[in-house]
Amino acid sequence: MFEPFFTTKRGQGGSGLGMHIVYTIVHQMGGQVALDDQAERGCALKVKLPLARFAAGAAEAS
């Protein structure tokens, strides 16, 4: 799902880059993203971000 150009709607306008972009941004921020395999319907993601890292940087900037 996170691979670039993965799509189930080929020929219907989707480029298949949406989840790859999410994955790239989250990893650049030092976080993790994964599919939630316990979702009853549809798709659910788990996103973990290192908030302490950004809080420390904001305090130094003040």
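Helices (H or I, at least four residues) and strands (E, at least two) are DSSP runs, numbered from the N terminus. With that in hand, let's start the tour. You're looking at a predicted model, where local features need pLDDT of at least 70, side-chain atom pairs count only at pLDDT 80 or more, and totals for chains, interfaces and linings use all residues. Residues are numbered from 1 along each chain as its sequence is written, and side-chain values use heavy atoms, with hydrogens and water left out.

**Whole chain.** Select the protein chain and color by secondary structure. You'll find two helices and two strands, running α-β-β-α along the sequence. Now switch to coloring by pLDDT, the predictor's confidence in each residue, from 0 to 100. The chain averages 75, and 56% of its residues reach 70 or more. Of the elements, E2 has the highest mean, 89, while H2 has the lowest, 62.

**The nonpolar patch.** Select Ile21, Ile25, Met29, Leu35, Leu45, Val47, Leu49 and Leu51. Together they form a nonpolar surface patch with about 670 Å² of accessible area. Patch members have over 30% relative accessible area and no salt bridge; nonpolar side chains (Val, Leu, Ile, Met, Phe, Trp, Tyr) are joined within 5 Å, like charges within 9 Å. A salt bridge is a side-chain nitrogen of Lys or Arg within 4 Å of a carboxyl oxygen of Asp or Glu. Helix H1 (18-28) and strand E2 (45-48) each supply at least two of the patch residues.

**Stop at Ile21.** This one lies in helix H1. Is Ile21 buried or partly exposed? It's partly exposed, because its relative accessible area is 45%.

**On to Leu35.** Find Leu35 in strand E1 (residues 32-35). Its relative accessibility is 43%, so Leu35 counts as partly exposed. Now pick Leu45 as well: the two C-alpha atoms are separated by 4.6 Å, though Leu35 and Leu45 are ten residues apart along the chain.

**Last stop, Leu49.** Look in the loop between E2 and helix H2 (51-61) for Leu49. With a relative accessible area of 37%, Leu49 is partly exposed too.

How values were computed. Accessible areas come from the Shrake-Rupley method with a 1.4 Å probe; for residues, only the protein chains shown count as cover. Buried means under 20% relative accessible area, exposed over 50%, partly exposed in between (1.4 Å probe, protein chains only).
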